[in-house]
Amino acid sequence: MIHEQNSIPGKSNIWLSKLVDLVAVSFKNSESYFEGAKKIVYTGNPCGDNALKIAKIDKTSLGFKKESRLVIIVAGSLGSKTYNEKFKAFLRLAGKEDYQILYITGKSYYEEFIRNEVFPKNVKIVPFFENLAGLMKDADLIISRAGASTISEILALKIPSILIPSPYVANNHQYYNALDLVSLGTSELIEEKNLSLETIQVTINELMQNKKKYDQMKNNLNKLSTKTSSEIIYEEIGKIVK
C-alpha cells in the first residue's frame, strides 16, 4: 500500500501505484491520477488524527472573551511577507467586527508587523503559537495556507475555513488541495494574487455574518466520515493481508 498526501501525486507514487495492491489518497480529486491502480481508497490524511488527541486550549487563556467568536489567521510557522502585507489593512479596521481575531505573523515578521501599529482590542498579534490545533478546537473559523498537514487538521477538527494556497510550491498543489475542500462545501478559496482588503473583508464576513452559509459548511464537515484516517488505513491494510 502507498499513501498520497497531496492532491497532485508525485512521480514516485504514480509509478508505484501500478505495482501495489492499494493506493490511499488524502483528496478525492487525486483518484484520477492513478488510472492503473488495482484499488484506490479515499482515507484522508492520518496527520489530522494527532490534532484530535491534543488537549483543547481555551481562548480565554489568551485574553479573548468566551462569548465572542474567534477567527485564527495563520500562514505557517515561518509566515509570509505578502500574506502579512495584505492582512494588515484588514486588521486595522477589524475593531468594528463582532468577532475576535488571533493573527500569527510568523517568527521572522513579528517585529516588523507590529512596529508603530496599534491594533483594535479584539485583535491579538503573536509571532507563533505552540499546539495551534488545541486552540483551533475553540475557534470558529481558520484562515490558512493549504498544505496537506494543515488541511488534515482542519478536516479532523471539522472547522470551517478560508484557504489561501501558497503559489510557490511544486505543481501549484496547494491550490488543488484547497479546491478539493471547496468541492466538499467545507471551505472558501482565495488565491494569493486576488488578496485585497475588499476580498478579505467580503469573504470573512460572508461566513461570520451569514449564519445559514456558515451552518451549511459546518454540516458538510460533519457529514464526512466519523472514522479517523488511521482507522480507515488500518482496516484497508487488514483486507490486504488476510
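**View 1. Burial and overall dimensions of the chain.** Of the 242 residues in the chain, 50% are buried (under 20% relative accessible area, with a 1.4 Å probe and protein chains only). This is a predicted model: local features need pLDDT of at least 70, side-chain atom pairs need pLDDT 80 or more, and totals for chains, interfaces and linings use all residues. Residues are numbered from 1 along each chain as its sequence is written, and side-chain values use heavy atoms, without hydrogens and water. Along the principal axes, the C-alpha atoms fill a box of roughly 60 × 35 × 30 Å.

**View 2. Secondary structure and contacts.** The chain has 10 helices and 9 strands (DSSP runs: H or I, at least four residues; E, at least two; numbered from the N terminus). Among contacts with a separation of 6 or more, 62% join residues 24 or more positions apart (contact: heavy atoms within 4.5 Å).

**View 3. Helix α7 and its cover.** Helix α7 spans residues 173-183. Its buried residues are His-173, Gln-174, Tyr-175, Asn-177, Ala-178, Asp-180 and Leu-181. An α-helix has 3.6 residues a turn, so residues three or four places apart point the same way. The cover over the buried residues of α7 includes α6 (148-157), β8 (161-163) and β9 (187-189).

**View 4. Gly-185, after α7.** Gly-185 follows α7. The phi of Gly-185 is positive, near 75°.
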